[in-house]
Amino acid sequence: MTPERWQRIHELFQETLDQSVEARLAFLKEACGPDKELFEEVSSLLAAAEQPGRFDRLAERFEEPVATVPQVIGPYRLLHELGHGGMGTVYLAERADGQFEQRVAIKLLATSARQPNLHQRFLAERQILARLEHPHIARLLDGGMTIPVPGQPEGLPYFVMEYVPGQPLTTYCDVHRLSVEQRLRLFETVCTAVQYAHQNLIIHRDLKPSNILVTDDGTVKLLDFGIAKLLEEDASETLQTLTGLPLMTPEYASPEQVRGESITTATDVYQLGVLLYELLTGRRPHRIPSRVLHEVARIICQEAPQRPSTAVEQVASENPTAINHARNTSPERLRRQLSGDLDTIVLMAMRKEPSRRYASAESLAADVQRHLAGQPVLARTDTLGYRATKFVQRHRWGVAATVGLLVLLAGIAVTMTLQARRIAEERNRAEQAVSFLAGLFGQLEPVNARGGTVTTKDLLDASVAQVRHDLMDQPLLQARLFGILGKVYELRGHFAEADTLLRQALALHLRHYPADHLVVAESQLSLAALHTNQSDPVRAEPLLRSALATFHRRLPPDDLRQIYAMLELGVALSDAGASDEAEAIFRELLNEFRPVLGTHIEIASALVYLGGLLTQRGAYDEAESLLQEALAMRRELVGNEHPFISNALDALGDVAVARGMLDDAARYYGESLDVRLLLFEAGHTDLAASYFNLGVVAQAQGRFAEAADLLQKARTSYVDAFGAGNPNALDAAHYLAASLDTLGDRSGAEALWQSIQHHDSTYVPHSGSY
Amino acid sequence: MAHVAPPLRYIGKALFSLSCPCIPMNAHGDITRLLLHLSEGNDTAWDDLMAVVYHELRQLAHQRLRWERKGLTLGTTALVHEAYLKLVNIDRLQWQNRAQFFAIAAQAMRRIVIDYAKTAKRLKRGGGQRPLSLDADDLGPLPDLTEEDADDLLALDDALYKLATLNDRQRQVVELRFFSGLTIAETAEVMGVSLNTVKRDWNTARAWLNRELGGGL
C-alpha cells in the first residue's frame, strides 16, 4: 500500500464516520464505486472501530488514567489518608524505593496551581522550613511538586514531614486526665518550640490542638510550621478577597489575621493564649457560630473573652465530665487554681493589640514557669505594653542592623516576587518586615542596655553596607538584596538611594545573565518603576521596552508580569507626553487581558491610567465612566482604606477640575485625603499630592489662605522627598506663590518665584488639568 | 558596626545548596541545555536527548514498577510526566521545547515497553521464573506482564513500524497518546497540528491497529 492510497482510505473512513450510522453503508458504496478493494479496507476499519479490539485492551492496560491523587509522590508511596482540611490532605506514606524503613506524613496542599510563582515560592519556603531542627517540631523531610495531570497542569505542592503517631494536645491531656500543672508543663514545651521557630524567622500562624500532637510516650511535636503562610500568599489575591478569611480556624484566629493585617510573632503568641485557654478550661475563648466574615471579625476583634476561671463555671454546668473526669478535679478547685495568675497570663497573651501581648513565646513560657514556681508573674504589670510600637526610637542600631539584615535575607526567599508597580502590596510587605522586626526587638530588648535611637533609614543604610561588604563574592545574592533594599528605600521615599541600588542590581544581573533573561527583565522593570515614580519617564521607557520584549517572548500569555510592564510603559509614555502611544498601550492591555482576568486589580489600574490619560485628552465622559468603574472594582477588591482608592478618587477629582466642577473636585480630593490620612505618616508624598490638589482647587475657588496653607504643606513634603527642583515641588511653589501674592505677601511670593527660576529657568506650570 | 551577623553565611549557603534533593543536578542541567540546542536547530542534540530521556525513563520505570502493588498497569503516563519534571529545568524552557520533550519521551517509552515485553517473553519461555538479579542490560524486576500482553505489545510495535510508512504523523499520534499518555488536546499542542487532525488520525489509527492486532478479544 502506498501512502497516497492510505491517505485516501483515511479520508474516506473519516467521511463515512461523519455520516449517520444507517447512511454509512450506502455512502461508502457510492464513494468507492468500482474500487472493491477500497470498499473492503474502509468497511473493515469501520467494523474495527465499532467494537473494542486488542489495541483498545492494551491501551486500557497501559494508558493508566492518572488520578488527581497519585498513588506515588516522588519516592514515596501513599498508604492511606490521615486527614484533610482547608489546607489540603495528609497521607501516611512510606519510601517506595525501599531505601529506608521510614513512614512519613505527606501533606498535599490544596492550592490554586495557576499562581505564576507558586512553584518558586514553594521551593523557597521549603528551604527555610528545612532549617527547623528541634526535638518538638516535626521535621520537614522533603517536598516538591506532584506530577502535572490534566486539569492540574502545574502539579500540586507537597511537603513530606516526619510522621508523628499521636493525639492532638487537648485530646491527649483529657484522655490521660492530666492536672493543671501537667498541662502547663506541656504548654511550656510548646512555647519553646514556637520560640525556636521565631528565632529562625518562621511564624506558624495556625497553631491549634490538631497541629500539636503528643505521642504515647508524652513527646510533644508541632506540625505544619510555615505552611499556612504559603497558602495565605497563594490565596491572597483570589480567595482572601472573596471570603475575606484566609484558610484558618476562626476560633484560633487572631484579630490581625481576621483583619488581614500584618502577621508577626505576636500572632503566634495570641494563638498560644487561645491554646492555653482551651487546655485549662476545656473550651475555646470565643464561640463563633457564624462563618460570615464580619461576624467572625466582630467577635474576635471586639468581644473580650471570659476569664478562664469564669469559663470553668460554665463548662462545669454544661459538661461536668470535662472537669471532673478529664481534669481530675472539681469545678471549684479548678476555678480557684485558674483565678489570679493564670487568668492574667492567658488574657495577656490574647490581647487584641499585638503590641500589648507578651513580647515573645519565651516570655509567655517564662511567666507560666514563674507561676509554677510560685513566683510573682509579670503579666499583671503593663510595662510591656508599648514596647513594640515605638521600637525604632528605642533600640540601638547595632542590633537593629543585624536583625534587619536577617529579616531581609529571609524575606527574599519567602516573599521575593515581582517588583513592579504593586505599590500597596510592596508597602505591606515592607511593613511586615518592619513589624516582624518589632516582634524581634521585643525579644532582644534586654540586650539593649544603653540608649540611642535608630530610624528605619539607619537600619537600611546599615543593611546596605553589610550586604555590600559581606556579599562581595556572591554577586547574585547581592543583586537580589540590592533589588529588595532598593524597593524598600523607594517605598520609604528615599529615591536617590533606591536609584543607586536598583541600578547596581541591574548591572550585576546583566553581568551574570543574558540580556533577555527573565531576571534581567524583572530588574529592568523594577528600576523603570522607580524612574517613573521619580518623574523621569525618559529613563524608564527603554528599560520597559526591553523588559516587555523579554516577557512577551519568555512568559505564557497570562503571566501578570507582562501587564505590569505594559502598565508601567503606558505611564512612562504618558508622562513623557507620548499620549497616543500610551493610550494605545492601555487599550491593548484592556482588550487583551480584561476578557481573561475580569475583575482584577491590574485591570482596575489600567482603567485608572487610561481614565487619567483621557482626562488630559479632553474625553471627559469616557474618562469618568472608566474611573468610576475602576473605583468600584478596587473597592470590591481591596476595601476602602487603600492607596488604590485614593488614587482613583484623585483621578475623578481631576476630571471634575477639567470640567470646571470645582465643588465635585474638592469632594473627591477630600475623600482621597481622608483615606491617605489613615494610611500614611505626615510628610509622605502621597499626602502631598492630596494637599496640592486641594490647594489648587481652594485657590481657584478664592479661598486663598486655605490654599496657601495646603500648598505650603505639599511643597515642604515634595522638597524634602525629591529636592526643590522636582517638578511637583516647582508646581507647588508656583501655585503657592500666586496665593501668597493675592494674600499680600509679596516678599514670600517673590522668594518662591526666584527659587523656581533658579531651579528651572524655563519652568511652565503643570500642564495637566489645571 | 556593633554586630556582625553570623547567620549570614548559613542562610546564604542554604539558599544555594538546597535545590531539589531528589534530582541529580547533571541530568537536570543537561536536558535543558540539549532541548535548548535542539530548538536552535542543532540536530545531533536529538540523539543525545533520546539517550538521556531513555536512560531516565528506564531508571524511573525500574524504581517504580517494582512497587506497583498489583502490577496492573505500567503507568507510562505518570512515568513520562515524572521524568519530565525530573529532567527539565522548567523555568528555562518554552513550550516548543516541552513539545520536543514529549515527542522524545514517547519514543523512549515505546522502546522501554517493548524491551519489557521481549524480556517477559524470554523469561516466560525460560520457565516463568523471575531471576533474583538480572544482568546489567536487563531492566530489573518486571511488572506483571502476561504473555498475552507481551504478544500484543510486540504486534503493536510491528504495526507501528508499518503505520510509519503509511502516515508517519499517525504513528506519532499513537505514540504520544499511548506511550506518553497525552490527551488529544495535548497531542495536538505537542505536534503543532489542529485538534481535529489529531482526532481523525487517532480514530483511523485506532481502528486500523485493532484490525492489525487481530480484531476481537
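How many helices and strands does the secondary structure of chain B come to? I looked, and chain B has nine helices and zero strands; helices are DSSP runs of H or I of at least four residues, strands are runs of E of at least two, and both are numbered from the N terminus. Read from the N terminus, the order of elements is α-α-α-α-α-α-α-α-α.

Ground rules for myself: this is a predicted model, where local features need pLDDT of at least 70 and side-chain atom pairs count only at pLDDT 80 or more, while totals for chains, interfaces and linings use all residues. Residues are numbered from 1 along each chain as its sequence is written, chains are lettered from A and ligands numbered from 1 in the order in which they are written, and side-chain values use heavy atoms, with hydrogens and water left out.

**Chain B overall.** I checked burial next: 51% of the 217 residues count as buried (under 20% relative accessible area; exposed is over 50%, partly exposed in between; 1.4 Å probe, protein chains only). For contacts (heavy atoms within 4.5 Å), I took those with a separation of 6 or more, and 66% of them join residues 24 or more positions apart.

**B:D152.** I found B:D152 in helix 6 of chain B, residues 147-166. Is B:D152 buried or exposed? B:D152 is buried, at a relative accessible area of 5%. Leaving out residues up to four places away in sequence, B:D152 touches A:R54, A:R57 and A:L58, plus B:L213.

**Rings.** I searched the whole structure and got five aromatic pairs over all chains (Phe, Tyr or six-membered Trp ring centres within 6.5 Å; planes under 30 degrees apart are stacked, over 60 edge-to-face, the rest tilted). A:F586 and A:Y609 have ring centres 5.8 Å apart and planes at 25°, so I logged the pair as stacked. A:F586 sits in helix 27 (residues 579-597) and A:Y609 in helix 28 (residues 601-616) of chain A, so the pair ties together parts 23 residues apart in sequence. A:F586 is buried, at 1% relative accessibility.

I also noted one aromatic cluster formed by A:F55, B:F178 and B:W202. The charged end of B:R177 sits over the B:W202 ring, 4.5 Å from its centre (the cut-off is NZ of Lys or CZ of Arg within 6 Å of the ring centre and within 35 degrees of the ring normal). B:R110 lies over the face of B:Y161, 4.6 Å from the ring centre.

**Confidence.** Chain A averages a pLDDT of 77, with 77% of residues scoring at least 70 (pLDDT is the predictor's confidence in each residue, from 0 to 100).
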